[in-house]
Each structure stands twice: as C-alpha cells, then as structure tokens.
Amino acid sequence: FLPFLPLLPRQILLLNFLSDIPGTTIAADRVDPESVADPHGWDMRRLRTFMITFGLISSVFDFTTFAVLRLGFHAHADLFRTGWFIESTATELAVMLVLRTRRRAWRSRPGTALLVTSAVVAVITVALPFTPFADGLGLTRPTVAVLLALTAITFGYVAVTEVAKDAIARRQNARRAAAQAPSTTAPA
C-alpha cells in the first residue's frame, strides 16, 4: 500500500521506549475499589473477546490514520512517518488510560505517576518534530491541519474504545446474571 516503510527502525524503537515509560508506573496505579472487592479468575472467553474486539478497533483506526495521511494529506514519507509516529504514541497512551479501568476513563483517576508520565510523553512526542532532533529521527514538522486530524482520530479511537468496553461489560454482566439466576424448570 505504501511505497515506503511506515516507520523507520529508529522511530519504532523510540516509540516503544516512549510508550514504555508510563507502562513502568502501572504497578503504582490507583485501582478502582470494585476491581479488588473480590477475587477474579482468568476467563479465557473474556480475554479472547477483549483481544479480538480491541485489536480490530485498533486496526480500523490504524487504517483510518493511513488513509487520512496518505489520501487526505498526500503525505510524503517523512510527513507520513511523523503523523504515524505521533498517532501511534498518542493512541497507545490514551487506550492505556481507557482500558486500565472498567469505569469511564474520566471517572477513574489514574495514579499520579501514570498520569504525569503519560502527559510528559505525549508532549515530547508532539514536540519532537519541531526540535533539532527531528532530522536525525526522520521526522518533519506537521501542519496544524495534520495535527488536528490526528487529534480527531485519537479522540475517535478513545470514544469507540469506551463504547466497546461498555458493551463488553454489559454482555458479560448479563451472562453472569443469567448463570446465577435460579432455574425455572422443576426437577423431574
């Protein structure tokens, strides 16, 4: 689909390094009281549903970003890579904050370290193309229109992820309630 690599190896390494920084603070994250009220076992069906659902959502937004950058902005290699670098980091940070809780993301306050490191990494990611390091990293200054489009895609990704998270939780709660309901058939 592309006549060039979407990200250079050094960009992938930097993206992984930056997005791992907030990940190191998850152990100190605040946990919602209802999440630790009673023990939970591993439910492979739930895990499979989670992986497929959020993997597909991520892929749809990846393809959307590709289309917007390539078809909407006719992005050359460096602009495409810059947009993809910013979008990949932003969505990774955002989805970590959304999926860390069963509540709406804005109704569950993350730990200070997670919130601060996520914000700092987001600022660094957006600022990098405007620094003297940009050329060495293969990045270029994106236009305001590109940054606005990436912001809109990120907010769309967060919104769809929240809706999917709620739908999965409702379906799992209904299954749980049905399994706990007394049987209506009389013994023979």
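A salt bridge here is a side-chain nitrogen of Lys or Arg within 4 Å of a carboxyl oxygen of Asp or Glu. With that in hand, a search of the whole structure turns up six salt bridges. Keep in mind that this is a predicted model.

**The overall layout**

Let's start with the big picture. Of the 188 residues, 35% count as buried.

**Salt bridges**

| Pair | N to O distance |
|---|---|
| Asp29 and Arg100 | 2.6 Å |
| Arg104 and Asp166 | 2.7 Å |
| Glu162 and Lys165 | 3.4 Å |

Take the Asp29 and Arg100 salt bridge. This pair links distant parts of the chain, with Asp29 in the loop between H1 and H2 and Arg100 in the loop between H3 and H4, 71 residues apart. Asp29 is buried, at a relative accessible area of 14%.

Next comes the salt bridge between Arg104 and Asp166. Arg104 sits in the loop between H3 and H4 while Asp166 belongs to helix H6, so this pair ties together parts that are 62 residues apart in sequence.

Glu162 and Lys165 make a local pair within helix H6: they are three residues apart, which means a separation of about one helical turn. Both Glu162 and Lys165 are buried.

**Aromatic pairs**

Now for the rings. The whole structure holds five aromatic pairs. One of them is Phe61 with Tyr157, a tilted pair at 5.3 Å centre to centre with 45 degrees between the planes. It links distant parts of the chain, as Phe61 is in helix H2 and Tyr157 is in helix H6, 96 residues apart. Are these two residues buried or exposed? Both Phe61 and Tyr157 are buried.

Phe66 and Trp84 make another pair: their ring centres are 4.6 Å apart and their planes stand at 90 degrees, so the pair is edge-to-face. Phe66 is in helix H2 and Trp84 in helix H3 (residues 77-99), 18 residues apart, and again the pair links distant parts of the chain. Phe66 is partly exposed at 21% relative accessibility, just past the 20% cut-off under which a residue counts as buried. Trp84, with 11%, is buried. Ring pairs also link Phe4, Phe66, Phe80 and Trp84 into a cluster.

**Surface patches**

Moving outside, Arg45, Arg48, Arg171 and Arg175 gather in a patch of positive charge on the surface. The elements giving two or more residues to this positive patch are helix H2 (44-72) and helix H6 (144-180). Arg48 is found in helix H2 and is partly exposed, with a relative accessible area of 48%.

There is a nonpolar patch on the surface too, formed by Val116, Val120 and Ile124, with about 230 Å² of accessible area together. Ile124 lies in helix H4 (residues 112-127) and is partly exposed at 37%.

**A few single residues**

His74 has a phi near 50 degrees, a positive value in a residue other than glycine. Most residues other than glycine have a negative phi. His74 is placed in the loop between H2 and H3 and is exposed, with a relative accessible area of 64%.

Met51 lies in helix H2 and is exposed as well, at 53% relative accessible area. Met51 and Glu87 are 36 residues apart in sequence and 21 Å apart in space, C-alpha to C-alpha.

Finally, Asn16 has its place in helix H1 (residues 9-23) and counts as partly exposed at 36% relative accessibility. Asn16 and Val120 are 104 residues apart in sequence, yet 15 Å apart in space, C-alpha to C-alpha.

How values were computed
Residues are numbered from 1 along each chain as its sequence is written. This is a predicted model: local features need pLDDT of at least 70, side-chain atom pairs count only at pLDDT 80 or more; totals for chains, interfaces and linings use all residues. Side-chain values use heavy atoms; hydrogens and water are left out. Patches are made of residues with over 30% relative accessible area and no salt bridge: like charges are joined within 9 Å, nonpolar side chains (Val, Leu, Ile, Met, Phe, Trp, Tyr) within 5 Å. Accessible areas come from the Shrake-Rupley method with a 1.4 Å probe; for residues, only the protein chains shown count as cover. Lys and Arg count as positive and Asp and Glu as negative; His and the chain ends are not counted. The place of a charge is taken as NZ of Lys, CZ of Arg, CG of Asp or CD of Glu. Helices (H or I, at least four residues) and strands (E, at least two) are DSSP runs, numbered from the N terminus. Buried means under 20% relative accessible area, exposed over 50%, partly exposed in between (1.4 Å probe, protein chains only). Rings of Phe, Tyr and Trp (its six-membered ring) pair if their centres lie within 6.5 Å; planes under 30 degrees apart count as stacked, over 60 as edge-to-face and the rest as tilted.
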